[in-house]
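Me: I'd like to learn how to read a few local features in a model. Can we go through them one by one?

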Amino acid sequence: MEGGGAAYNPRTPEEVFRDFRGRRAGMVKALTTEVDKFYQLCDPEKENLCLYGLPNETWEVTLPAEEVPPELPEPALGINFARDGMDEKDWLSLVAVHSDAWLFAVAFYFGARFGFDKEARRRLFTMINNLPTIFEVLTGTPKKLSKEKTPNSSSRSNKPSSKSQPQTKNSKSPSLKDYNESGEEDEEDGNEHENTLCGACGDNYANDEFWICCDICERWFHGKCVKITPARAEHIKQYKCPACSNKRARV
């Protein structure tokens, strides 16, 4: 199957999860750091197009498989037709939701095909569920929910360092730990940090990594994912992530 990129058949929950994670990484790239290329490929004048994530962490926009039935479940058909008829953010969010559904379909197709029992299916679901969905990566939903739980906080309360010492936005603020008056780490704020997702790769916050925040969409990114170093960040007055920069260029 050309579109699905099914070069091998994973046969254990761990192998299926690796396949899932690779396909997911490719689709996250298409909707974030490589969104300009994705946008251009989804020409409404073309035939029904699908977004495929491939196991090697790449993606492609192409026609659906010709086999009937297809070798793997097919993603949403005709994503290109709605591109110019919707707000771009809403369109990308819709593609993200359908992409999440497709990834689950492929993973559990493998589970059914190779006879996973109840325990194997549970193990697979647990591994998948520990990752944020593509929709969550794209929209920052976990951070928004965290913000709603603390209505008395500032407008930047969804940022990882809400209680840390004053810092510029383009800083390594997620890595700063917060402590209460007794000198112990504040667990509530630590849990809030765990909800912070990189807008490019979708991975969770980690204490030892440099992060930078986009001044336009207010999403956080690993510096390495957007090729920004701490030294370079010191000279950036207003940082725009790749997606926001590309969006402005198209307007």
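Me: Where is the place of Ser99?

Reply: Some ground rules to begin with. This is a predicted model, where local features need pLDDT of at least 70 and side-chain atom pairs count only at pLDDT 80 or more, while totals for chains, interfaces and linings use all residues. Residues are numbered from 1 along each chain as its sequence is written, and side-chain values use heavy atoms, with hydrogens and water left out. Helices (H or I, at least four residues) and strands (E, at least two) are DSSP runs, numbered from the N terminus. Ser99 sits in helix H3.

Me: Is Ser99 buried or exposed?

Reply: Buried means under 20% relative accessible area, exposed over 50%, and partly exposed in between (1.4 Å probe, protein chains only). Ser99 has 4% relative accessibility, so it counts as buried. Contact means heavy atoms within 4.5 Å; leaving aside neighbours within four places in sequence, Ser99 touches Met27, Leu51 and Ile134.

Me: How do I read a helix with a buried side? Which residues of H4 are buried?

Reply: An α-helix has 3.6 residues a turn, so residues three or four places apart point the same way. In H4, the buried ones are Ala120, Leu124, Met127 and Ile128. They fall within an arc of 100° seen down the axis of H4, so they line one face of the helix; the arc is that of the directions from the helix axis to the C-beta atoms. Those buried residues pack against helix H1 (13-31) and helix H3 (88-113). On the other side of H4, you'll find Lys118 and Asn129 exposed.

Me: What caps the N-terminal end of H4?

Reply: That's Asp117: one of its side-chain oxygens lies 3.3 Å from the backbone nitrogen of Glu119.

Me: On to strands. How many bridges join S1 to S2?

Reply: Two strands pair if DSSP finds at least two bridges between them. Here S1 (residues 50-53) and S2 run antiparallel, joined by four bridges, and Cys50 stands opposite Thr62 in S2. S2 (residues 59-62) has Trp59 and Val61 on its covered face, with Glu60 and Thr62 on the uncovered one.

Me: Last one, the cysteines. How many disulfides does the structure hold?

Reply: A disulfide is a covalent bond between the sulfur atoms of two cysteines. The cut-off used is a pair of cysteine sulfur atoms within 2.5 Å. The structure holds zero disulfides. For Cys225, the nearest cysteine sulfur, in Cys201, is 3.9 Å away, and Cys225 is in no disulfide.

How values were computed. A polar contact is a pair of N or O atoms within 3.5 Å; within protein, one must be able to donate a hydrogen and the other to accept it, and residues adjacent in sequence count only if both atoms are side-chain atoms.
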